[in-house]
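Here are my notes on the model, as numbered points. Please read them with the structure open.

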Amino acid sequence: MDLTQCVAVVILAFSVVIVPATSQQFSSKPQGYAVMQGTNITLKCKVSKLGAKNVIWSRGVAFISMNHMIIGGDVNRMKITGKYNLNILNVTQEDEGGYVCQVTSTPPLIQTSFINITVPSSVEMLNKTVDIEATLKDNVTLTCAATGKPTPTIVWSREDATLPGGKKEMKGDTLTLTGLKYSHGGVYKCTAFNGVGEPDEDSVRVDVFYPPTIHTKSKTLHTGPGFSAKIPCIASGQPKPSIEWRHNDTVINLRDLPENKKMLLVEKGFKIDYSLEIKGIEDSDLGSYSCRVTNNKGSDTVKIMVTALPGKVEISSPAAGNFSTVYSLSWSVTSPVKPETYKLMYREMNETFEGEWTEVDVTAMSKDGVITHTQSHSLMDLVPDTKYEVMLRAYNSYGWGQVSDKFMFTTNEHDDSTNDGALLIVWHPMTFLLVVACSLMSVVP
């Protein structure tokens, strides 16, 4: 044994002899900390009966502090507070790991705490442009990339609407839109969240470009002076189509409409209502209207006829009559201008024979202010058990309306006097004259 070794043994022996057993103890417990990046953390290290011993913080083989002095750590972010607690400001990913608090007793006391750094979610839409432009029936794939610790979950949604397919949300890094339809346009959003801090989101607008389509069918509107009318034109298209209204082939200046006219401009989902409203209609407002919508993908047009003529008569009688020689025909017609007369046409029909048309003018029993008029008329001197064909049209001060659809009815083979518990009494004009004549003769002396 050389002199150095001997001295060491003597010193060790001396130390053992003169130093009593340590009485220092930790009053804090080792802990694991989940800390969000950018926040502050305090690692506890409390020692009872420290005496003249020192408290050292270290990480791996590197010293951080001794007692209240930072000797190896980041002096700008680390400090000792209270009884040897280590305070770290604005933690970063590099601060993750184990931290040792050691008391320089013999043997040394050691307590280790661990920091796990959590990072809030961050998400970004890949290959993002201001807007994504696609055409009808295209396929589009949207992709989002998220970072964070723990790993975030990405959820897809659509602003103010469900996703194509009807779901409110879908999970995953990508969202594929297949066979794009009119209704698939909108703002698509990916949201990432991992339970740390607040969710993060990114979004992109998907514009589905397609030629304009008018969803209003050509029709005839029946109206009259003093009434109001809404001439419909509901369209869709992307980019949003421009609108042109014409009246009797003359372009209507939509920027300078008279007080009794206005054009709607109401968005209803992917459709736009361009309807033209007219209040207090005058004769000059009647005629043909056309609505034309145009964008850079094409155009579409619909024509609406606004007329004061009567509408098409709708016959509502049953197809089977209750009597052999009489049939009660009932109908209705739309005509804001009240009808004055009806032209009733009927003829006998069978498999091999079509009779001549018989025309009857029926005086209209109409009221002012009524839009839908109803009336009935009895056809007499018919052939029992025979099929008849009927057509009707209405006339008002503006002219004749459209002819009704052809209507077929069949007379009964025998009179049904029990129908509805009542007997139908039909007055033929000649019968009426005979009754009157007989009545007069009975009072002559």
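1. D95 is buried, at a relative accessible area of 3%. Buried means under 20% relative accessible area, exposed over 50%, and partly exposed in between (1.4 Å probe, protein chains only). D95 sits in the loop between β9 (85-88) and β10 (97-103). Strands here are DSSP runs of E, at least two residues, and helices are runs of H or I, at least four residues, both numbered from the N terminus.

2. This is a predicted model, where local features need pLDDT of at least 70, side-chain atom pairs count only at pLDDT 80 or more, and totals for chains, interfaces and linings use all residues. Residues are numbered from 1 along each chain as its sequence is written, and side-chain values use heavy atoms, with hydrogens and water left out.

3. What does the side chain of D95 pair with? A polar contact of 2.9 Å joins it to the side chain of R77. A polar contact is a pair of N or O atoms within 3.5 Å; within protein, one must be able to donate a hydrogen and the other to accept it, and residues adjacent in sequence count only if both atoms are side-chain atoms. D95 also touches other residues, among them R59, I88, N90 and I115, leaving aside residues up to four places away in sequence. Contact means heavy atoms within 4.5 Å.

4. Look next at β8 (residues 78-81). M78 and I80 form its covered face, K79 and T81 its uncovered one. In a regular strand the side chains alternate between the two faces of the sheet. β8 runs antiparallel to β9, with four bridges between them. Two strands pair if DSSP finds at least two bridges between them. I80 has L86 of β9 as its bridge partner. The β8-β9 hairpin has three residues between the strands, and G82 takes a positive phi near 60 degrees there.

5. Further along, β18 (residues 200-214) and β21 (residues 234-238) pair in the antiparallel sense over three bridges. Y210 is partnered by Q238 of β21. β21 is also joined to β26 (residues 271-273), antiparallel, by three bridges. There S236 stands opposite K271.

6. The structure holds three disulfides. The criterion is a pair of cysteine sulfur atoms within 2.5 Å. C45 is joined to C101, S to S 1.7 Å. The torsion about this S-S bond is about -60 degrees, so the C45-C101 disulfide is left-handed. C45 lies in the loop between β3 (41-43) and β4 (47-48) and C101 in strand β10, so the pair ties together parts 56 residues apart in sequence. Both C45 and C101 are buried.

7. C144 and C190 form a disulfide with sulfur atoms 1.9 Å apart. C144 belongs to strand β13 (residues 140-149) and C190 to strand β17 (residues 186-193), so the link ties together parts 46 residues apart in sequence. C144 is buried at 2% relative accessibility, and C190 at 0%.

8. C233 and C291 are joined at S to S 1.9 Å. C233 is in the loop between β20 (229-231) and β21, and C291 is in strand β28 (residues 287-295), 58 residues away. Both C233 and C291 are buried. In sequence order, the bonded cysteines pair 1-2, 3-4, 5-6.

9. For the overall picture, the protein has two helices and 37 strands. Of its 445 residues, 35% count as buried.
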